[in-house]
Amino acid sequence: MQYFSENELVVPGQILSDNPRQSGFGTYVREGKVYASVMGFAKSINGVLRIIPVSGRYRPQRGDKVLGIVSDVKPNAVEVDIGGETTAVIKPHERETTPLKIDIGDCVLAEVKATGLKGIVLATEGLQKIPSGILISVNAAKVPRIIGRKGSMLQVLRRETGCDFWVGRNGLIVVNGPDPAHEFAAVAAVNMIEREAHTSGLTERVIQMLRKMLGRGDEDSSN
Amino acid sequence: MKIRLIDENGLRVDGRRPDEMRRMRMEVGVLEKTDGSAYVELGGTRIYAGVIGPREVHPKHLELPDKGVINCRYHMASFSVDERKPLGMTRREIELSKVIREALETVVFLEEFPRMMIDIFVEVIQADGGTRTAGITAASLALADAGIPMADMIAAIAVGKVDGVLVLDINEEEDKYGEADMPVAIAPHLNSIVLLQLNGRMTPEEVDKGLEMAQKAVKKIHQMQIEALKRKYRVEPEGLET
Amino acid sequence: MSLGLEKRGYGIKIMKNKIYELLKIGKRIDEREPLQYRKIEISTGVVEKANGSALVSLGKTKILTGIKVEVGTPYPDRPNEGVFTVNAELLPLASKTFEPGPPDERAIELSRIVDRVIRESKAIEVEKLCIVEGQKVYMIFIDCYVLDYDGNYFDASVLSAVAALKTMTLPVYRVVDGRIEAVPGEKMKLPMRTLPVSVTMALIRDKIVVDPLPAEEDVADTVVTIGYDSEGVLSAVQKSSPGLLPVNMFKEMVKIGLDSSAMLRRRLLEGVGDG
């Protein structure tokens with residue numbers, strides 16, 4: 001039996017179900033019942049109850065793309081500050097023929113290869129150095145909303161602002177556009193999504209706001 | 001000259017009935033630089049709570065290999081009390097930091113962040129009785145706001161005895177001139193006490209009755225906490241990338 | 001516009017480039033103009049137990065000042081003047097770079113700058129705060145708490161302290177039978193002869209911006225704070241950051257600061273209900 005509803009914000013200690021086998025991320029089992037341990041929205045996926053957190057620091061997962069600033073370059077490792085007082089590391093391969101051309105202060109987007117006692121290791125494969133743009137920081141829990149289901153929100157943002165977006169799952173984002181007005185509009189949109197992540201009709205409001213800011217107010221937003 | 005704390009109608013110095021709480025206000029996510037924060041007002045008591053973490057442990061030798069560490073600092077602004085409080089931590093602040101930490105530690109799932117620490121800051125900007133309990137209530141909100149995994153939220157209130165009568169949510173005057181004060185913090189879903197102190201004289205029956213009063217009040221406070229969290233994080237997610 | 005990146009010894013290249021690129025066309029990374037302050041919010045009387053208090057938000061930077069009044073002994077060389085002290089604390093919940101414990105050099109610097117702006121402008125008429133010459137005077141404790149830090153705690157703290165001073169009430173003391181007593185039911189305002197404010201500016205190559213963000217401070221050549229009284233006379237200057245400050249740039253700052261100080265004073269008066 002499920003004790004919560006789909007769109008209800010659950011809080012730590014709240015009872016979710018009496019089937020202990022359903023306990024997933026953000027839940028715990030006590031005396032045969034499943035309770036929430038973090039605040040968020042409870043979702044049942046393939047019979048497993050997990051909480052989608054609405055706040056909190058970024059927890060690195062393998063496969064995540066994160067954005068950071070190179071903080072140190074050593075012979076066997078490049079250190080990258082990914083925010084949240086966390087430093088990740090890139091270990092260039094020993095037989096690397098083309099050395100990574102990255103310096104301290106560079107902004108990079110890379111995939112998390114491993115997490116654990118040895119720290120967070122980023123992959124060299126697919127590493128991108130970001131050439132320019134405005135760097136902003138949002139709460140990591142809101143990044144999925146900024147990306148949208150299958151990237152839908154990000155598509156909207158790109159289309160409406162004409163900007164490039166590099167989005168790190170850790171909450172760091174770079175926006176680079178044809179001119180400052182478009183870049184500021186992009187930043188405003190990201191901030192709006194962060195603030196209103198858990199409301200309905202958000203995509204529509206974002207589009208309206210962007211069109212107003214960039215002077216395309218009379219068009220039908222279903223274009 | 002003895003101050004009368006309960007008048008002939010059974011009302012308290014501020015006109016409250018013995019089982020009546022003062023007006024309480026809560027807001028979550030009030031500070032930008034913490035990972036979680038809350039502001040609580042209870043009568044004249046005003047408190048900010050902030051949580052930073054999980055973060056690396058400093059100094060490193062305090063790191064634990066299998067679980068996280070919690071630090072708590074309960075601190076009062078110099079202007080929060082009638083007589084200006086000098087700078088630096090007083091013995092009272094140190095004791096309260098400890099009991100508040102232990103209360104919150106009880107419910108936090110420390111095993112989920114080994115080798116890390118969580119800093120909890122409770123800043124009292126005005127004190128009018130019940131600061132440690134309002135502080136715990138605020139800290140619990142801040143921990144939830146910071147996404148820290150916990151078994152339960154914590155709600156707290158102080159029960160006192162004035163002129164022989166058990167009263168709920170003592171204010172400063174009642175604290176100063178009453179016969180006893182008993183702060184209680186409870187994990188509502190677990191129905192367990194996580195902080196309990198008594199300062200003064202109470203019979204076992206009075207303690208029982210006092211705990212009952214506290215439990216009833218804690219239910220209401222907990223409900224307010226849930227509402228405060230919901231206000232901050234409104235309704236449905238749409239198009240979430242899962 | 002906050003970045004979760006703190007305590008760095010290096011600069012973020014793309015930010016440095018972007019900040020300067022935008023400044024060339026008269027814009028900053030948060031869309032402000034170079035001489036534009038962030039949104040200022042002032043509330044006074046927020047802590048009733050304090051004689052005066054003010055909560056000031058400058059963008060996301062938040063400062064709470066509380067003032068307490070006591071009776072104390074004057075300095076021997078100033079027997080008929082009241083005494084005041086300023087203390088500022090960088091609360092650990094305001095920034096991941098603020099640690100709990102005794103004030104560090106930044107907190108002490110902030111305390112002393114706020115003190116300087118107020119003291120050197122002679123804002124408080126201390127000669128009117130004497131109770132018994134040579135023996136008893138008013139002692140005013142100004143305590144500023146940084147609750148949230150997003151750049152420029154200097155200007156926000158000065159605004160907060162001065163707003164609290166302007167709206168505070170003090171007991172009226174009389175000598176009765178050789179004892180100092182507060183006259184019941186009587187309160188007085190703090191006698192003030194001017195309203196000082198401070199303007200903090202960052203020099204980024206050859207551009208001057210007011211009210212810098214942390215990201216701007218990170219790429220700035222240097223940062224300067226200047227205190228002005230109501231007549232535009234300077235009462236304090238602090239170059240609070242390493243780096244070269246060309247003399248002509250400083251002269252420019254004095255002028256820019258003067259204009260900003262007038263604006264800040266207007267906001268301050270509005271905030272305390274005198275505008």
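User: What makes S9(C) and S10(C) a hairpin, and which residue in the turn has a positive phi?
Analyst: S9(C) and S10(C) form a hairpin with two residues between them. Arg205(C) in the turn has a positive phi of about 55 degrees. Strands here are DSSP runs of E, at least two residues, and helices are runs of H or I, at least four, numbered from the N terminus. The model is predicted: local features need pLDDT of at least 70, side-chain atom pairs count only at pLDDT 80 or more, and totals for chains, interfaces and linings use all residues. Residues are numbered from 1 along each chain as its sequence is written, while chains are lettered from A and ligands numbered from 1 in the order in which they are written.

User: How do you know that S9(C) and S10(C) pair?
Analyst: Pairing needs at least two DSSP bridges between two strands. Four bridges join S9(C) to S10 (residues 207-210) of chain C, so the two pair. They run antiparallel. In S10(C), Val210(C) is the bridge partner of Met201(C).

User: How many bridges join S9(C) to S11(C)?
Analyst: Seven, and these strands run antiparallel. S11 covers residues 222-228 of chain C. There, Thr225(C) is the bridge partner of Thr200(C).

User: Why is S9(C) called largely enclosed?
Analyst: Buried means 20 or more other C-beta atoms within 10 Å of a residue's own; exposed means 12 or fewer, and partly exposed lies in between, with C-beta atoms placed from the backbone. Eight of the eight residues of S9 (residues 197-204) of chain C are buried, so the rest of the structure largely encloses the strand.

User: Which residues of S9(C) point one way, and which the other?
Analyst: Val197(C), Val199(C), Met201(C) and Leu203(C) point one way. Ser198(C), Thr200(C), Ala202(C) and Ile204(C) point the other way.
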